[in-house]
Amino acid sequence: MRIRFITDNTSPKFLDVPTDEGAEVTILHFYQEEVSYEKELKGETSFFEEIARLSKTVKGVVVCGCITDTKGLRRKSVVVADNGRLVGVSDMLNAVDGKYDSGAALRVYETKGGRMGVVVADDLRFPEIVKSLAVCGSDFIVCPFGRMEGIETVLLRANAYCYGVPIFFCSLGNCMIADVSGEIAFASSQAMAVAAFTPRKEYHLIETRRRGFSTAR
């Protein structure tokens with residue numbers, strides 16, 4: 001499959017994205033743009049529509065991070081659109097120190113590139129998120145992020161290695177792919193980059209011995 005990363009800070013409605021590269025998935029970094037559900041429903045703003053329109057233009061899946069506002073509840077969220085249709089919004093589950101509100105559920109999306117799990121921004125710092133998405137059958141995981149702080153590369157490699165699923169990471173100014181071997185298979189600082197990558201999942205039979213669960217009756 002081919003993945004397009006957009007690390008430029010240009011607003012999605014002003015992006016000039018070439019359509020001849022045939023990327024199944026386009027990932028935009030985490031925009032600090034605030035999106036009000038109420039204004040979106042009233043037609044006063046059109047952020048969701050812009051993402052859906054972009055997915056129709058590129059004829060594939062578009063994943064984009066933003067701040068959503070639901071009557072005062074502010075969450076870090078990721079919008080997912082496919083071929084001109086908005087298919088879902090995933091919220092960050094773990095909100096640290098009360099700056100944002102937490103979400104409620106994880107979701108795996110069916111795409112033409114495979115089953116796609118979504119890690120929202122700082123949820124990358126919580127390994128149980130990646131583990132849950134892997135257990136639920138994700139073929140690959142995407143993570144739109146804001147500005148890197150330095151630890152993200154380590155987290156990407158460790159999570160991809162431990163849970164056997166590749167992670168596509170897109171932040172402001174940087175993008176990476178961590179594969180199941182724990183290595184960075186692709187990295188770029190270009191405003192727009194396209195990578196060819198074949199996701200693979202890693203399975204092993206692991207035997208453990210522990211106390212408890214008595215079978216004697």
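Me: Ground rules before we start?
Reply: This is a predicted model: local features need pLDDT of at least 70, side-chain atom pairs count only at pLDDT 80 or more, and totals for chains, interfaces and linings use all residues. Residues are numbered from 1 along each chain as its sequence is written, and side-chain values use heavy atoms, with hydrogens and water left out.

Me: What is the order of the strands in the open sheet?
Reply: The order is E6-E7-E8-E9-E10-E11, six strands with mixed pairing. Strands here are DSSP E runs of at least two residues, helices are H or I runs of at least four, and both are numbered from the N terminus. Two strands pair if DSSP finds at least two bridges between them.

Me: Which strands stand at the edges?
Reply: E6 (108-111) and E11 (184-188). Each has a single partner strand, so one side of each lacks a neighbour in the sheet.

Me: How do E8 and E9 run, parallel or antiparallel?
Reply: Parallel, with four bridges joining E8 (residues 140-144) to E9 (residues 167-171). Ile 141 has Ile 167 in E9 as its bridge partner.

Me: Switching to E3. Is it buried or exposed?
Reply: Nine of its ten residues are buried, so E3 is largely enclosed by the rest of the structure. Buried means under 20% relative accessible area, exposed over 50%, partly exposed in between (1.4 Å probe, protein chains only).

Me: What does E3 pair with?
Reply: E2 runs parallel to E3, over seven bridges. Phe 30 stands opposite Gly 65 in E3. E4 pairs with E3 in the antiparallel sense, over ten bridges. There, Thr 68 stands opposite Arg 75 in E4.

Me: Which residue in the hairpin of E3 and E4 takes a positive phi?
Reply: Lys 71, near 50°. The hairpin has two residues between the strands.

Me: Now H2. Which of its residues are buried?
Reply: Among them are Phe 47, Phe 48, Ile 51 and Leu 54. The buried residues of H2 pack against helix H1 (37-42) and strands E1 to E5; contact means heavy atoms within 4.5 Å.

Me: What comes just after H2?
Reply: Lys 59, with a positive phi of about 55°.
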